[in-house]
Amino acid sequence: MRPTAPLIFSLTAAVALSTLTGCGGGSGNDKDTLEVAFPKDTNNKVTWRDDYIDDIAAKFEKANPGKDVKPVPIQATGNDYYTKIQQMMRSSKTAPDLVYEDTFLINSDIKSGYLLPLDGYLKDWKDWDQFEESAKKAARAEDGKTYGVPDGTDTRGLWFNKKLFKKAGLPQDWQPRTWDEVLETARTLKRKLPDVIPLNVFTGKGAGEAAAMQGFEMLLYGTDDPLYDEGSRKWVTGSKGFRDSLEFVETVYSEKLGPDVSDALDANIQTRVPTEYLPEGKLAIALDGSWLSQQWIKTGGKPWPEWSTTMGRAAMPTQDGGGAGKVSMSGGWTWSIPKQSDNHDLAWKMIKTFQTQQNATDFCVRGAQIAVRADVAEDPQYQGSMPGIEFFTDLVEVSEYRPALPVYPQVSAALTEAMEQVTAGDASPGEAADRYDEELESLTDGAVTTR
Amino acid sequence: MSVAKVPAAGGRRYWRWLPIAPATALLLLFLGGPIAYCVWIALTDMQLTGQESASFVGLDNFRRAFQDDAFINAVVLTLVFTLLSSIIGQNTLGLALAALMQRAGKTVRTVTGVVVICAWVLPEIVAGFLLYTFFHRQGTLNAVLDWLHLPSQNWLFTLPILAVSFANIWRGTAFSMLVYSAALSEIPTEVTESAQVDGANARQRLWFITLPMIRRSIGTNLMLNTLQTLSVFGLIWAMTRGGPGNRSQTLPVFMYDQAFDKALIGYGTAVALLLLLVGALFSVIYLRLMREEV
């Protein structure tokens, strides 16, 4: 018997060893392959970004023989995408060579050490001078270094369906001056057109950052109270503006002026609004981003030629019409290089390819983005790309940026939680605000100030 | 092999371990290793993003969990979910199906078997999406209810924990059915027949003959079911994401939400360990029950 034991042992060991070493092999060490990670819409028909990246990849491969661009589309809702790329960037075995970062969490990822500072590359790149100052700042961290090249920005406002407005006897050049006027119009719509959803305001954890930014912050920044006090460098708790904003959300959903609550809290709502509700005439007013028409042009997920005559635009008013009278929020995305990638130079070359004047214009046109480069903004192809581009570009003037701090994503999560409780009717605006204050204090280690 | 017949000498004992040494090493490496690593992470404040480096915080994460209303809510919902869907639903329904199938004809048995097992064979995420469309406000269930002129319900919104429990019953009953089918077929027919001769009615036969005889299978089945149900994630995530609010946020969903949506890896891992503890508690109870002699 004895002789067989070592035999079995060595056999098992051999099998085990070969399996183990198999694990170590991993990908990502190939100098000629460039992995480009980006979000893919959860609606399979929406492929404009995939198509754009494929086109640029083909150009890049042609210009750089022997190099291979491997798109890594990550099909997920907003927050799941962020989680996925963060996990990928933690290890050199999985890190992509180029990653599409939302400015929403770039500061947080920079602090985690996931991204490579690009200053060394930028100083020799003369196109960088074409970028607007505010856009350059989008990916500049607290340490003064730049970690991403933005490819567009956005503003936010109210989209409304003029045909539905006409049916309800409302003006075609609608421009509300206060929150109450927005709600009043929604109530009129509900009365006159009972089958139509009057107003969508993103809310809850499912919509994630879309709820926090397009929904909540578009309200809060129109009150007298900020989210974050730049002067004292502290987050604001207990403000009246905060409660009022939650109350607005509560009004929309308790009076059934918005989508059915279960649809509003569904993670797919962000795709459903532009590809279903608006084109099918089921929704009259959408508080949403400047980029919606990317879905309706012919490269979009829901081509809808009539959109340019059907959809009107209005600025979101401040609470009582004070201040500048209108509110907008701006964000955008950047191309960044993960530190753990071992293909930094090739990745930089790819960024430059994305940002040739022509390719950058192409992106802004397909993505219905607001240009961040002077030479793109002047391009006739861009200027004629979509009706309303002037409207949204003008909003840049009043547009606000989110607090560019590493803790912001967590604050955003707390915001969406407060919204969800109010929307589902699980808490009053006051209770939800109190819970938010508590959460905020623990998130920021007490860096809060009460109004 | 005739090893077993040879009386074991002192030195030979060690040699006996040799063949399974690689397996043991692999288990320690791939099961013990991650668990130990988990325990380490749970003692730190590690975050997925927004942090330069993690630091050791001792038992802070565990203390935080017990003061966290959302955690308590998740524990309660997990117990409700487990009780409803596993212990009551899957277990009872599985036994009932198995008992009925014993008496049914061959065709009925085959057809029922195939249908029930289909639900079990489906990947969790596919089942999740299927049931999402079934329970959705404009889904199949409400269409059927409308057709029958019964009031329709917004299942995923009003009582989501019930909807996901039903979903889990639908998905997991096949397993119980298989276990019980095997157990029931092991009961010698003489025993039931003589009980029948002695004048025992059907309910008495079930209570005094069948159940005691399959007691061990019940224990095993309960344990496996419960452990499986405690860790159900994909089904709930696909159907409700734990919402609305946190009305269907069981521990695994809560853990994911904390670790990945809120980027608090340390806290999420601590919750995972607490979930392990809940599972261990259930196991101990069931093992106790099984050990008891009738």
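Residues are numbered from 1 along each chain as its sequence is written, and chains are lettered from A and ligands numbered from 1 in the order in which they are written. Because the model is predicted, local features need pLDDT of at least 70 and side-chain atom pairs count only at pLDDT 80 or more, while totals for chains, interfaces and linings use all residues.

Visitor: In chain B, where is confidence highest?
Guide: Confidence is expressed as pLDDT, the predictor's confidence in each residue, from 0 to 100. Helices (H or I, at least four residues) and strands (E, at least two) are DSSP runs, numbered from the N terminus. The lowest mean in chain B, 77, belongs to helix α1 (residues 10–17) of chain B, and the highest, 93, to helix α4 (residues 69–103) of chain B.

Visitor: Which strands of chain A stand at the edges of the sheet?
Guide: Two strands pair if DSSP finds at least two bridges between them. The open sheet has four strands with mixed pairing, in the order β6-β9-β5-β10 (chain A). Each edge strand has a single partner, so one side of each is left without a neighbour in the sheet; these are β6 (197–200) and β10 (311–314) of chain A.

Visitor: How many bridges join strand β5 to strand β9 of chain A?
Guide: Within this pair, A:Trp159 stands opposite A:Ala286 in β9(A). Strands β5 (residues 156–161) and β9 (residues 283–289) of chain A run antiparallel, and the number of bridges joining them is five.

Visitor: How far apart are the end C-alpha atoms of residues 264–287 of chain B?
Guide: This span is 96% helix and 0% strand. Its end C-alpha atoms lie apart by 35 Å.
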